Amino acid sequence: MSKVKVMDHPLIQHKIGIIRRKDTGTKDFRQMISEIAMLMCYEATREMKLIDVEIETPIIKTKVKQLKGKKLAVIPILRAGLGMVDGMLQMIPAAKIGHIGLYREPETLEAVEYYCKLPEDSHEREIFVVDPMLATGNSAVAAIELLKEKGVKKIHFMCIIAAPEGVEKMQKVHPDVDIYIGALDEKLNDHGYIVPGLGDAGDRIFGTK
């Protein structure tokens, strides 16, 4: 069964409190999403593998630690996931970026794919799929299914707010994918929105409502 890690870092919790407020404007909301993603990335990469390599300092040759193998790729689920990319790149500037475009069919709440572009060597990289919200879980499940179909093996999922229903669905369909969550909320409402949540993350990041 996948590992579910709810971040308890005080800075993450403080910033999540700010983005929940309905009077937080687009600029501050976008900034906070990026900062939360950066802090979560720091925590979520704690178990990445290292190797010893020999380098030369200005004084002597010595051994230092370096990330093992190919580095990371960050795959945001469009469009709200884009808000988390810059924050993660602050931590891992060499990461490659892919994009998966999904929208939620209003009646069924099922995820429909409209775009997928990945780095060519994704199957050799450790992949972080990012989306601010894990609600029904349909989009995350569909995105990860796409990656697996393309031969990607090492997949993690990162979101800022999650509903128990989405976590349960992810664990059921993709038990091999670890899930990193900023805050685990109470439930979904009848419209598939997370309660208490923060509204529509995409609209709030891009100021489209």
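## Helix packing in the predicted model

The buried residues of helix α2 pack against α1 (10-20), α3 (82-91), β8 (126-130), β10 (154-162), β11 (178-184) and α6 (201-206). Those buried residues are F29, M32, I33, S34, E35, I36, A37, L39, M40, C41, E43 and A44. Helix α2 itself covers residues 26-44, and its 19 residues reach 26 Å from the first C-alpha to the last, close to the 27 Å expected at 1.5 Å a residue.

Helix α3 contributes a set of buried residues of its own, namely G83, M84, V85, G87 and M88, and these pack against α2, β4 (72-78), β5 (96-97), β8, β10 and α6.

| Helix pair | Angle between axes | Axis separation |
|---|---|---|
| α2 and α3 | roughly 45° | within 7 Å |
| α4 and α5 | about 25° | 9 Å |

On the α2 side the contact is made by I33, S34, A37, M38, C41 and Y42, and on the α3 side by G83, M84, D86, G87, M88, Q90 and M91. Sorted by class, the residues of this contact between α2 and α3 comprise 8 nonpolar, 4 polar and 1 charged.

Helices α4 (residues 138-149) and α5 (residues 164-173) pack at an angle of about 25°; because angles under 35 degrees count as roughly parallel, α4 and α5 are placed in that class. The crossing of α4 and α5 is right-handed. Here N138, A140, V141 and I144 of α4 meet K169, M170 and V173 of α5, and the residues of the contact divide into 5 nonpolar, 1 polar and 1 charged.

Helix α4 also contains L147. Is L147 buried or exposed? Its relative accessible area is 0%, and since buried means under 20%, L147 is counted as buried. Leaving aside residues up to four places away in sequence, L147 touches I100, L118, I127, V129, V152 and I155; of the elements named above, β8 (126-130) and β10 (154-162) are also among the partners of the buried residues of α2. As a further spatial reference, L147 and L50 lie 97 residues apart in sequence and 25 Å apart in space, taken from C-alpha to C-alpha.

Notes: Residues are numbered from 1 along each chain as its sequence is written. This is a predicted model: local features need pLDDT of at least 70, side-chain atom pairs count only at pLDDT 80 or more; totals for chains, interfaces and linings use all residues. Side-chain values use heavy atoms; hydrogens and water are left out. Axes are lines fitted to C-alpha atoms, for helices over the stretch in contact, and angles run from 0 to 180 degrees between N-to-C directions. Helices (H or I, at least four residues) and strands (E, at least two) are DSSP runs, numbered from the N terminus. Angles under 35 degrees count as roughly parallel, over 145 as roughly antiparallel, 65 to 115 as roughly perpendicular and the rest as oblique. A crossing is left-handed if the near helix is turned anticlockwise from the far one by less than a right angle, and right-handed if clockwise. Contact means heavy atoms within 4.5 Å. Ala, Val, Leu, Ile, Met, Phe, Trp, Tyr, Cys and Pro count as nonpolar, Asp, Glu, Lys and Arg as charged, and the others, Gly among them, as polar. The expected span of a helix is 1.5 Å times one less than its number of residues. Buried means under 20% relative accessible area, exposed over 50%, partly exposed in between (1.4 Å probe, protein chains only).
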